[in-house]
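Have the sequence and the 3D view open as you read.

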Amino acid sequence: QPELDGQIPTPLSRITRNVVTRLSARVVESADVRQWRNVQSNGDGARLFYSLGSDSPAGATLDGKVFRAYPSAGTGTVPVYRYKFAQSNGDGVRYLYSLDAGMAAYGWVPDGTAFHAHATALAGTAAVFQHHVVQANGDGWRFMYSPNLNEPGWIFDGVAFFAPLT
């Protein structure tokens, strides 16, 4: 079978084509995203952190698995960026997870890619919703990410991204 440019394939061109085909169609397995909690010393609730595996902030307590995501880019996925914001009262760092790579313009500090998910609903995915609560001390908003539309005590913001079901 001729190559695209009409040449007869060589062993090297066949190997290259096979490697490129396999890499472009690779499937990335999803993994559990866990929620970690740091209770604020001023009694103003908890800051939440989400990660794959056991990556957590110092002193955080594991709440458990909340949804699934991809550890690396795969077909149809986009990065979910993690941002942090040091609280002015010295009570630690708040976290925000967003598909928007420009949150630094709002004072949030980029903290890398937390995981990968989908920007739109696809078969085999479910919405992960963003919720927030205003801190009583005036030090901004804390965020929560959950597959639950309603989270008691939290204000619903909307869909953050779409996560794989398995």
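In what follows, contact means heavy atoms within 4.5 Å. Please keep in mind that this is a predicted model.

**The nonpolar core**
- The largest nonpolar core holds 28 residues, and those touching the most other members are Tyr50, Phe67, Tyr97, Phe115, Tyr145 and Phe161.
- Strand E2 (residues 46–52) supplies the largest share of this core, with 4 residues.
- As general background, nonpolar side chains in soluble globular proteins tend to be buried together.

**Contacts of Phe161**
- Neighbours within four places in sequence aside, Phe161 is in contact with Phe67, Val80, Leu99, Phe115, Ala117, His118, Ala126, Ala127, Val128 and Tyr145.

**Aromatic pairs**
- The whole structure contains 13 aromatic pairs.
- Tyr97 and Phe115 count as stacked because their ring centres lie 6.2 Å apart and their planes meet at 10°.
- This pair links distant parts of the chain, as Tyr97 belongs to strand E5 (residues 93–98) and Phe115, 18 residues away, to strand E6 (residues 109–117).
- Tyr97 is buried, at 2% relative accessibility, and Phe115 is buried as well, at 1%.
- One aromatic cluster is formed by Tyr50, Phe67, Tyr97, Phe115, Tyr145 and Phe161.

**The loop between E5 and E6**
- Gly107 sits in the loop between E5 and E6, where Gly107 is partly exposed with a relative accessible area of 38%.
- Between the C-alpha atoms of Gly107 and Tyr83 there are 9.4 Å, although the two are 24 residues apart along the chain.

Note on methods:
Residues are numbered from 1 along each chain as its sequence is written. This is a predicted model: local features need pLDDT of at least 70, side-chain atom pairs count only at pLDDT 80 or more; totals for chains, interfaces and linings use all residues. Side-chain values use heavy atoms; hydrogens and water are left out. A nonpolar core is a set of buried Ala, Val, Leu, Ile, Met, Phe, Trp, Tyr and Cys residues joined through side-chain atoms within 4.5 Å. Buried means under 20% relative accessible area, exposed over 50%, partly exposed in between (1.4 Å probe, protein chains only). Helices (H or I, at least four residues) and strands (E, at least two) are DSSP runs, numbered from the N terminus. Rings of Phe, Tyr and Trp (its six-membered ring) pair if their centres lie within 6.5 Å; planes under 30 degrees apart count as stacked, over 60 as edge-to-face and the rest as tilted.
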